[in-house]
Amino acid sequence: MSADLDLDLGTLDRDGAVRAGLDAIGDRDGATRAGLLRVGGAGLVALLAGPSAVAAAATTAAATRHDRAILNYALTLEYLQASFYSEVERLGSVRGALGHQARVVGTHERAHVRAFRVALGRHAVGRPRFDFRGATEDDDRFQKTAVAFEDLAVAAYAAQAPRIRSRPYLASALAIASVEARHAAWIRRLAGVVPAPDAFDEPRSRAATIAIVDKTHFAVHTTSRRRPRFTG
């Protein structure tokens with residue numbers, strides 16, 4: 001990725017909305033008896049069934065929490081992208097081929113948000129509020145930021161997908177990750193950047209992603225479940 005695109009990639013989340021999801025993934029996955037009890041009736045049944053059942057149920061509960069953390073991280077990134085493209089559509093500020101890309105990709109990102117929220121149910125994290133600080137109001141800034149967003153999503157999915165333990169969750173994540181890769185190639189071509197410069201993609205580690213997120217400025221609220229505040 002070129003230096004100017006890296007600069008735009010560092011304008012995502014100063015107040016920590018994405019980092020909250022990342023930190024959750026970094027939590028220890030160790031299963032404890034207290035954690036098992038938090039799963040409710042199933043945990044109690046396991047306790048009555050004996051030590052082996054307790055261990056099995058605790059391992060299952062820990063794996064579920066682990067996978068939910070990864071999906072919530074992905075959901076937070078999808079919130080970011082969906083809000084970005086939705087704002088562009090609402091403002092009508094980008095036209096032509098870029099405007100078409102924004103409309104199509106916005107539809108996809110909103111569908112990704114819905115899919116993750118359905119999968120996570122009551123465990124889904126709330127939608128942050130975003131202020132994109134003019135990045136949705138100018139063709140050049142939109143283009144560079146869109147390239148950065150899509151590259152970030154592809155690298156994040158590449159790093160986290162192998163860590164998902166549930167086959168249904170993994171299948172859902174991979175179905176979305178492949179579409180994100182198509183988005184990245186599309187906007188890169190429109191931006192005049194080589195769509196696939198290398199034979200292999202490097203995943204972006206949690207530490208590297210946090211380093212980027214720490215430089216950011218787009219998220220202005222981390223707990224609200226209301227719709228994002230659109231700029232413009």
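This is a predicted model: local features need pLDDT of at least 70, side-chain atom pairs count only at pLDDT 80 or more; totals for chains, interfaces and linings use all residues.
## The chain as a whole

The chain contains 9 helices and 2 strands, and, read from the N terminus, these elements follow the order α-α-α-α-α-α-β-α-α-α-β.

When contacts between residues at least 6 apart in sequence are considered, 85% of them join residues at least 24 apart.

## Helix H6

Helix H6 covers residues 96–120, and its 25 residues reach 36 Å from the first C-alpha to the last, which is close to the 36 Å expected at 1.5 Å a residue. Among the buried residues of H6 are Glu109, His112, Val113 and Phe116. Just after this helix, Gly121 takes a positive phi of about 60 degrees.

## Glu180 and Tyr157

Glu180 lies in helix H8, which spans residues 167–190. Although Glu180 is buried, it has no salt bridge, and the nearest side chain of opposite charge, that of Arg182, is 11 Å away. Leaving aside neighbours within four places in sequence, Glu180 is in contact with several residues, including Glu78, Glu109, His112, Glu150 and Tyr157.

Tyr157 belongs to helix H7, residues 139–160, and it counts as buried because its relative accessibility is 7%, below the 20% limit for that class. Not counting residues up to four places away in sequence, Tyr157 touches Glu180 and also, among others, Ala74, Glu78 and Phe116. Tyr157 and Leu174 are 17 residues apart in sequence, and their C-alpha atoms are 7.9 Å apart in space.

## Salt bridges

Side chains of opposite charge can pair when their charged atoms come close, and a search of the whole structure finds 3 salt bridges. In one of them, the side chains of Arg110 and Glu89 meet at 2.9 Å, N to O; because Arg110 lies in helix H6 and Glu89 in helix H5, this pair ties together parts that are 21 residues apart in sequence. Arg110 is partly exposed at 27% relative accessible area, and Glu89 is partly exposed at 30%.

Arg188 forms a salt bridge with Asp151, with the closest N and O atoms 2.9 Å apart, and since Arg188 lies in helix H8 and Asp151 in helix H7, the pair ties together parts that are 37 residues apart in sequence. Arg188 is buried at 7%, and Asp151 is buried at 13%. Asp140 and Lys144 also meet in a salt bridge, at 3.6 Å, N to O, and both lie in helix H7, 4 residues apart, or about one turn of the helix.

Note on methods:
Residues are numbered from 1 along each chain as its sequence is written. Side-chain values use heavy atoms; hydrogens and water are left out. The expected span of a helix is 1.5 Å times one less than its number of residues. Buried means under 20% relative accessible area, exposed over 50%, partly exposed in between (1.4 Å probe, protein chains only). Lys and Arg count as positive and Asp and Glu as negative; His and the chain ends are not counted. A salt bridge is a side-chain nitrogen of Lys or Arg within 4 Å of a carboxyl oxygen of Asp or Glu. Contact means heavy atoms within 4.5 Å.
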